[in-house]
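Me: I would like to learn how to read some backbone and packing features from a set of coordinates. Please take them one at a time.

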Amino acid sequence: MTISIDSQGSDTNSLQPKGWLRYLSFSLDHKVIGIQYLVCGFLFYLIGGTLASAIRIELASPMSDFMPRDVYNQVLTLHGTIMIFLWIVPVVNGAFGNYLIPFYVGARDMAFPRLNAVAFWLIPPSGLMLVASYFIEGAAQAGWTAYPPLSITTPQSGQIIWIMSVLLLGGSSIFGGINFIATIIKLRRPGLKLMQLPMYCWAMLGTSLLVVLSTPVLAGTLILLSFDIVAHTGFFNPVLGGNVVVYQHLFWFYSHPAVYIMVLPAFGLVSEILPVHSRKPLFGYTTMVFSIMGIVVLGLVVWAHHMFTSGTPPWMRLFFTIATAFIAVPTGIKFFNWVATLWGGKISINSAMLFSCGFIVNFVFGGITGVALAQVPFDIHVHDTYFVVAHFHYIVYGGTVFIIFSSIYHWFPKVTGKLMSEKLGILHFAITFIGFNLCFAPQHWLGLNGMPRRVAEYDPQFQFVNQISSIGALLMAISTIPFLVNIFLSIKNGKDSGDNPWNALTPEWLTSSPPPVENWEGEAPLVKEPYGYGKPITQEN
Amino acid sequence: MISKNLYLILIISAVFAISFWIGFNVNLLPAEASINAPIYDELFKILFIIGLIIFIGMTIAVIYSLFKFRKRKDQLGDGIALEGNLSLEIIWTVIPSIIVLIIGLYSYNIYDRMGGMKELNHSHEMMATNTEKIWAGISQASNSEFVSNNLSVEVSAMQFAFLFNYPKGEFISGELHVPVDQKVSMKMESKDVIHAFWVPEFRIKQDIIPGQPTILNFTPTKVGKYPIICAELCGPYHGGMRASIIVEEESDYKDWFNKNTKTEVSL
C-alpha cells in the first residue's frame, strides 16, 4: 500500500459518492464534513428545542402537571446535554471550523482528513444513543452537571449511557481540536504569517487549546463516576468515603472552559461577518488576538465560581471572584472593537448583520450579569436560580446561537451558490430576537425573587412571569419556521449569488461558490490583508 | 465640532441619569428580612447601575451605528480604512480593568461585612469537641456584634425535607422557628444527596453536603414567615422540597419552644 499525500484529495474523492449522497458518506472533504456537522447539529437543535418547549409548557402552570416529575428531570438533563454537546460545540467548532479553516490558511483540506471524518461520525451514534436512553429505562436525570451522589443514586442505565455518550462526544471534540491546531500551525500557505490570518483562525486556535487541555479532565472524571456507579468504588460516593466536592472541581475544570469553547468561535465568526457587511477593516486586530489568548488563559483558572455555595474556603472564593471578573476586560475589548468596526462603515442591514448586532446586544447583557455573578456575595443569593438560567442563555443562545444563524445567512451563498431571502431572514431575526428576550429577560426577576432552577413546580406568585417566559419560548419555536422555509426555498429557487455576493476579501470568497473539491482551481491566493476594506490596493482586486 | 461633543456629553449624561433613576427606583428584590439583606441590596444597586450604564450605552452605540452608517442606495465603495486606534484601545482596556478591580474590592468589602471572611465556628453548647472538621459556610455579619443571644440549630436535609433539631430543647421540628434580631447558627448535614438551604428574603444560601457538615449563620430582622427553598437538584420532588422559617417576637418564640421542648416535660 502506498500513501501519496499529493494524490490524497483527488484519488479518494473520485471514489466518493456525488451529489447529496456524499453528505451521508465517510467523506474526507472538509467542506462536506463541515456541512455534515451543521446539519447534524441542527437536527439535534430541533430535538433539544422540543425538549425546551416541553419544559416551558410544564412551567406555564405552577403545578407539576404536564409530565411526571422524573421525566421532567430527564427532559432538562437531555435538553442541556444535547444543546451543549450536540448542537453548539459541534456547530461553532466542527461545522464552521471545518468549512472555513482550510480556506483561511490556504490549504486544500484539514491536516488529518480521516481523523476529521472519524470525529464527525462519532457524533450521530452517540447522540442517538443519548436520546435512545430515554426509551430504555429512562434517560439520565441528574442534570447535565451529573453531580454525585444524585447521579449515583438515580437509575443507572440512563446515567451510564449519558456518560458513554458524553465521553464519545468529548473524544470527537479532542480529535477536532488537535486537527484545528495542526492545520492552523502547520498547513498555512507559504508566505502567510500568523498575524495575517482571519480572526476566526485565532479564535479556533484558542478554543482548540482549551479543548485539548480541559476535555481530558472531564473524560477522566466521568470514567471515575462510572466506576462509582457500576463497580461501587468510592471516588465521589460519600457513603464510601468519597468527596462530592472534588467531582465539582474536576467537572467545572472542563465545563467552565466549555463556555469559552462555545463562545470564542462565535467571537471569531462575528469578526469575519462585521467587516464584510460594514465595509470596514476589523478594528484592533492585534488587541483582538491578545484578548482571545487572554480569555483562554483566564478561562482555565475561574472554574470554582460555579461552586461559591459548595464547600469553598473563603480565600478560594476571593481568588475566583477576581479572576472571573477580569475575563470581562478582554471580552469587553472585543465588544468595543466590534462597535468601532461598525462606526464609520457603510453598513448593509441584512439578516447576517442583524443577527450579529443582536448578538452584541444580548451578549453584553449576559456579560454584565456574568460580572455580577462572579461576585461571591451576589452569587450566594442567586446561585442555582433562574437568574443563572437567564444569564447563561443570554450567553449561549443570545450570543452563540445568534452568531450561528448570522453565519448561516453569511456563508449560505458560499456553500450553495444561491442567495437566501432577506425578507424571510429579517422576519426570522425579528421573531427570534423578541421571543428570546421575552423568554429569558423575565427569568432574572424570577431568580432574584425566589425561583430555583430545575424545578417542575413553583410558587403561584411566579405564574404570570413564567407565562410571559413561555410565550417567548413559543415565539422562539415559531421562529424556526421562516428559517427552515427560507433554507429550503433558497436551495430550490434561490437567486444565483455569483462567486462573491458580499465583495468580501477573506480567502474563502476568492474561489467559485460553491467551491471546487480542491478549494481553488489553481494556487491558493495569498491573502495578507483579509480585512483591507477601504484601501486603494484591495479595492482594485 | 463643538456641537458634536456637546451632543455626546448630553447623551452620556442622559444614559447616566436614566441608569441612576432606574437603579434607585426599580426594585427587583424581595423583602429584606436579615442583617445580610440590606448589605446585599447595596451591592446589587451599584452593580445594577453600572450594568445599566454599560448596557444602555452599548445598545445606543449599536443602534446609532446601524442607522447613521447604513449604506444608502447607489452608494458604492467601502467605509474608511480605519484599522485601529491604539489610544482608544488602551482606554477601553484600562477603564474596564479599573472598574472591575473596584467592583472586586467593593464586593470583597461587602462579603467581609456579611461575615464571609470570618473564621468558621459553630457555637454549639452541646458539641463535645471542637475538632470536628467544618467544611465551609457563611459566618455571621460583622455589624451584629451586639447580638448576644445565640440560637443553635442542627439541620438535616434529605429527599425531600428539612428537619430542624433544637439541641437545647431536645426536639425536632419541620418548621424553623427563630426569634427576631438574634443570631442563629446552623450546622447542616445531608443524609443522602446534595441539597441547599436558601431563604431569598435573607439573601443567603449554602449547600448541604453529605459527609461534610456546613455552617450557616444569620440574624433575622423582620417578623414573618419566609420560605426555605432547596436550591440544588436533588431528585424528582426537588421543586417541592420546601420548609418555612418563622421569625417571631422573643415571647412568641419562647411559647413555641416551651410547647415543644422535651426537657421541660421530663422535669
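The dialogue below goes through a helix, some backbone angles and a chain contact.

Me: What should I know about the model and its numbering?

Reply: This is a predicted model, in which local features need pLDDT of at least 70 and side-chain atom pairs count only at pLDDT 80 or more, while totals for chains, interfaces and linings use all residues. Residues are numbered from 1 along each chain as its sequence is written, and chains are lettered from A and ligands numbered from 1 in the order in which they are written.

Me: How many residues does helix H5 of chain A have, and what is its span?

Reply: Helices (H or I, at least four residues) and strands (E, at least two) are DSSP runs, numbered from the N terminus. The expected span of a helix is 1.5 Å times one less than its number of residues. H5(A), residues 123-136, has 14 residues and reaches 20 Å from first to last C-alpha, close to the 20 Å expected.

Me: Where is the kink in H5(A) centred?

Reply: The bend at a residue is the angle between axes fitted to the seven residues ending there and the seven starting there. In H5(A) a kink of about 25 degrees is centred on A:Leu130.

Me: Which residues of H5(A) are buried?

Reply: A residue is buried if 20 or more other C-beta atoms lie within 10 Å of its own, exposed if 12 or fewer, and partly exposed in between, with C-beta atoms placed from the backbone. The buried residues of H5(A) are A:Ile123, A:Ser126, A:Gly127, A:Leu130, A:Val131 and A:Ser133.

Me: How should I read phi and omega?

Reply: Most residues other than glycine have a negative phi, and most peptide bonds are trans. The bond from A:Pro148 to A:Pro149 is cis, with omega near 5 degrees. A:Asn503, not a glycine, has a positive phi of about 55 degrees and sits in the loop between H17 and H18 of chain A. B:Asp181 has phi near 60 degrees; this residue is partly exposed, with 18 other C-beta atoms within 10 Å.

Me: How many residues does each chain bring to the contact?

Reply: Two residues are in contact if their C-beta atoms, placed from the backbone, lie within 7 Å. Chain B brings 72 residues and chain A 78 residues. On the side of chain B that touches chain A, the largest share, 13 residues, comes from H2(B).
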